[in-house]
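This briefing is meant for a reader who is meeting this structure for the first time. Please look over the sequence and the model before going on to the notes below.

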Amino acid sequence: MDLSVTESILSAIRVACGRQAAGGSEEAYTGFHLPDSDWEVWDYFPSMCRHLRQLHGIEDAEYIDSWTLPWEMIQPTTGAGRSKSLFQKSRDGRFLLKTIPEKEFSTLQFMFSGYYDHLVQYENSLLTPIFSAVALNSLERFESHYIVVLLNVLDVGPLSTLQCFSNLSVYDLKGREPKPGHFMQVSDPQQHGVLKDKNLNRNFYLPSDVLPTLQQQ
């Protein structure tokens, strides 16, 4: 993906947020044309995404400002997963933009209402909140992109988590059964930096007041 497309995605997130602030729609999605471009944008679950941002104390203006990046900070990177998703951090590092396949985006549409209700009911849920879900389509370019904006769970302020803890291990846990033939394919953390389900060989001990809440979820 070239940088101009990434800039269009960032612009779409900002415009969508501004439209939500001006009078959010209760519809499942709303569409608009991105100014000075050939992109049509579809903003999915605008009122729900805005409410999830509000639950985390995120104002519309600061969210827009977070996605107003100088050109030198627009540096999308490719993830280590099979989907080869692209990731882009916000200017302040609080949020993470991720591209996902169309099939996954369709699944997200199907489950988003229940996902939203769960996050509203359980404020301390370990599920990562989604703050934006947009799709861009260009008939001139014959291409489409599907994007979600997530809370960056590894951002802890001025000092990153990795700086605070030298022995920290990062896992990308999906809770799924390994496919046949993949049982012995263990990721090398020195090579990939992020460990997978099959690398998890430790126990986690939680405070007595936290465990019941997680079990209830």
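The notes that follow begin with the overall architecture and then turn to the core and the salt bridges.

The model shown here is predicted. Its chain contains seven helices and seven strands, and of its 217 residues, 34% count as buried. The largest nonpolar core has 40 residues, and a search of the whole structure finds six salt bridges.

**Overall architecture**

- Among the contacts between residues at least 6 apart in sequence, 55% join residues that are at least 24 apart.
- The accessible surface of the chain comes to about 13,600 Å², and carbon and sulfur atoms account for 53% of that surface.

**The nonpolar core**

- Within the largest nonpolar core, which has 40 residues, those with the most contacts inside it are Ile13, Tyr63, Trp67, Phe112 and Leu136.
- Two or more residues of this core are given by each of the helices H1 (3-23), H2 (46-55) and H4 (102-121), and likewise by each of the strands S2 (40-44), S5 (95-99), S6 (130-138) and S7 (143-151).
- The largest share of the core, which amounts to seven residues, comes from H1.
- Trp67, which is among the core residues with the most contacts inside it, is in contact with Leu10, Ile13, Arg14, Gln88, Lys89, Ser90, Phe95, Leu96, Leu97 and Val149 when its neighbours within four places in sequence are left aside.

- Glu62 forms a salt bridge with Arg94, in which the closest N and O atoms are 2.8 Å apart.
- Because Glu62 lies in helix H3 (residues 60-66) and Arg94 lies in the loop between strand S4 (86-89) and S5, this pair ties together parts that are 32 residues apart in sequence.
- Glu62 is partly exposed, with a relative accessible area of 28%, and Arg94 also counts as partly exposed, at 27% relative accessibility.
- The side chains of Asp65 and Arg91 meet in a salt bridge with an N to O distance of 2.2 Å, and this pair links distant parts of the chain, with Asp65 in helix H3 and Arg91 in the loop between S4 and S5, 26 residues apart.
- Asp65 counts as partly exposed at 38% relative accessibility, while Arg91 is partly exposed with a relative accessible area of 34%.

**Asp60 and its network**

- Salt bridges that share partners join Arg50, Arg53 and Asp60 into one network.
- Asp60 is found in helix H3, and the side chains of Asp60 and Arg53 meet in a salt bridge of 3.5 Å, N to O.
- Is Asp60 buried or exposed? Its relative accessibility is 14%, so Asp60 counts as buried, and the cut-off that this step needs is that buried means under 20% relative accessible area.
- Arg53 likewise counts as buried, at 1% relative accessibility.

How values were computed:
Residues are numbered from 1 along each chain as its sequence is written. This is a predicted model: local features need pLDDT of at least 70, side-chain atom pairs count only at pLDDT 80 or more; totals for chains, interfaces and linings use all residues. Side-chain values use heavy atoms; hydrogens and water are left out. A nonpolar core is a set of buried Ala, Val, Leu, Ile, Met, Phe, Trp, Tyr and Cys residues joined through side-chain atoms within 4.5 Å. Buried means under 20% relative accessible area, exposed over 50%, partly exposed in between (1.4 Å probe, protein chains only). Helices (H or I, at least four residues) and strands (E, at least two) are DSSP runs, numbered from the N terminus. Contact means heavy atoms within 4.5 Å. Accessible areas come from the Shrake-Rupley method with a 1.4 Å probe; for residues, only the protein chains shown count as cover. A salt bridge is a side-chain nitrogen of Lys or Arg within 4 Å of a carboxyl oxygen of Asp or Glu.
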